[in-house]
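Here is a short briefing on a protein model. It covers helix packing, domains and nonpolar cores.

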Amino acid sequence: AEAIGLYNLGQSCCLNSLLQVFLMNLRFTGILRRITVPSSPAQRRSSVPYQMLLLLEKMQCGKCKAVGPTDLACCLSEHRVKLFVQHDAAQLFLTLWNLLKKQMKKPELVEELSDLYIICIQEHLACQNCSFEVKSNSTMLTLPLPVLDANSHRLKTLEDCLQYFFHPEELTGQNMCFCQQCGRTTTFLQSMKLVHLPQTLTLHLKRFCCERSSHIHKLSHPLPFPQELDFNEVLTENQCQADDSEKATWQYELFAVVAHSGSTSCGHYCAYIRSLTECKWYCFNDSHVCQVSWDDVKCTYGHSNLYWRETAYLLIYMKKHPQ
C-alpha cells in the first residue's frame, strides 16, 4: 500500500500526524488487526481501536490519495478529545495511547502494546550524608527531554539532551529531602537509571517552554538528531540498570519525526515517516503526501532566527535488532 494522506477536518493536523505515525508502524498495525470487533453498533462507534482499524483499512484499499478520519474524530470526541482546537502532539499522543490501551480488551494485546511503547526507568534518591537510599521504578510513554540545561543554556545535540536527562542532580536548599536515617532534611542526589527501552521509542523535545509570565514560547534553536542512535554510546555504565542482553537491543534507527511549524498559538504539525516496507522517507502533511530525502528531514533540526520554521517535536526511533 502506498502512503495515503488524511484530510484536515479543521485544525486536525496534530491528530493526522500522530495517526500516520501509528498506522505506518507495522508492529502497531499487527496488534490492531487482532482486536475483537465490538458487538453492537454503538460500541463500534465509540471504540478507538476499532475506528483506527477501519481507518487503516480505508487507507489501504488504495482507491484515493487521501481519506477523511471523520468517524475516528467523532469517536475521540465521545472520549472528551476536543475537535477543531490546537493540540499539543505530546499530550495528544498520551491521550490516544491511553484510550487504545483501555479499549483493547484482550490482555495479551494490552501487553504487546505496552511492550511496543513503554520505557522503564529507575529513580534513585541517595542521602549525601549517610548510606540511606530509596529506589523506585517508573514507566513512561515518552522521554521528555529538556532542550535547555538548568542555566538556560542550549543543549547542542539530541545526545546532549539524553545525557542531561540522565545526569544526577543534587537536591539542595528548598529541594532537600527528609532522610529517615539521619532524622532530618539533608541534601540528596537524585539520579535516573535506564532499565528497559521499548521496540518503538518516542522522544519528546520540550521545545515549548513556559515563562514566568505564563506565556508559552517555542525554543526553535538548532538541535541535530541522528539517523542511528545507540544508547550504550550515549549513557554511562552508571546511568543504566540493565543486563547485557537488554543493552544489546539498545540500537535504534529513526522511524519518524513529528514536526511543528508556526507559533505556539497558531501552529501546524506534519509527520516525516520512513516507510518500513520501502525504506523511503515521506512527508505527511494532512492530505498531501510526498516522498522526501534525509536532507529534507534534517530541515526539522530547527533554526535560531526563524520561529515559524518547522522544528522536530517528537522523534520516534525503532530498534534495529529486537530480541
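Axes are lines fitted to C-alpha atoms, for helices over the stretch in contact, and angles run from 0 to 180 degrees between N-to-C directions. Helices are DSSP runs (H or I, at least four residues), numbered from the N terminus. The model is predicted: local features need pLDDT of at least 70, side-chain atom pairs count only at pLDDT 80 or more, and totals for chains, interfaces and linings use all residues. Residues are numbered from 1 along each chain as its sequence is written, and side-chain values use heavy atoms, with hydrogens and water left out.

**Helix packing**
- The axes of H1 (residues 13–23) and H6 (residues 89–103) come within 10 Å and cross at roughly 55°.
- H1 contributes Cys-14, Leu-15, Leu-18 and Phe-22 to the contact (heavy atoms within 4.5 Å).
- H6 contributes Ala-89, Leu-92, Phe-93, Leu-96, Trp-97 and Leu-100.

**Domains**
- The chain splits into domain 1 (1–116) and domain 2 (141–167 + 198–322), with bounds from an automatic or database domain assignment.
- Their centres, taken over C-alpha atoms, are 22 Å apart.
- The contact between them takes 30 residues from domain 1 and 33 residues from domain 2.

**Nonpolar cores**
- A nonpolar core is a set of buried Ala, Val, Leu, Ile, Met, Phe, Trp, Tyr and Cys residues joined through side-chain atoms within 4.5 Å; buried means under 20% relative accessible area (1.4 Å probe, protein chains only).
- The largest core has 56 residues; Phe-22, Phe-28, Met-104 and Tyr-117 have the most contacts inside it.
- This core draws at least three residues from each of domain 1 and domain 2.
- A second, separate core of 41 residues includes Leu-158, Leu-223, Leu-254 and Val-257.

Definitions and conventions
Buried < 20%, exposed > 50% of the residue type's maximum accessible area, 1.4 Å probe, protein only. Helix = DSSP H or I, 4+ residues; strand = E, 2+ residues; numbered from the N terminus.
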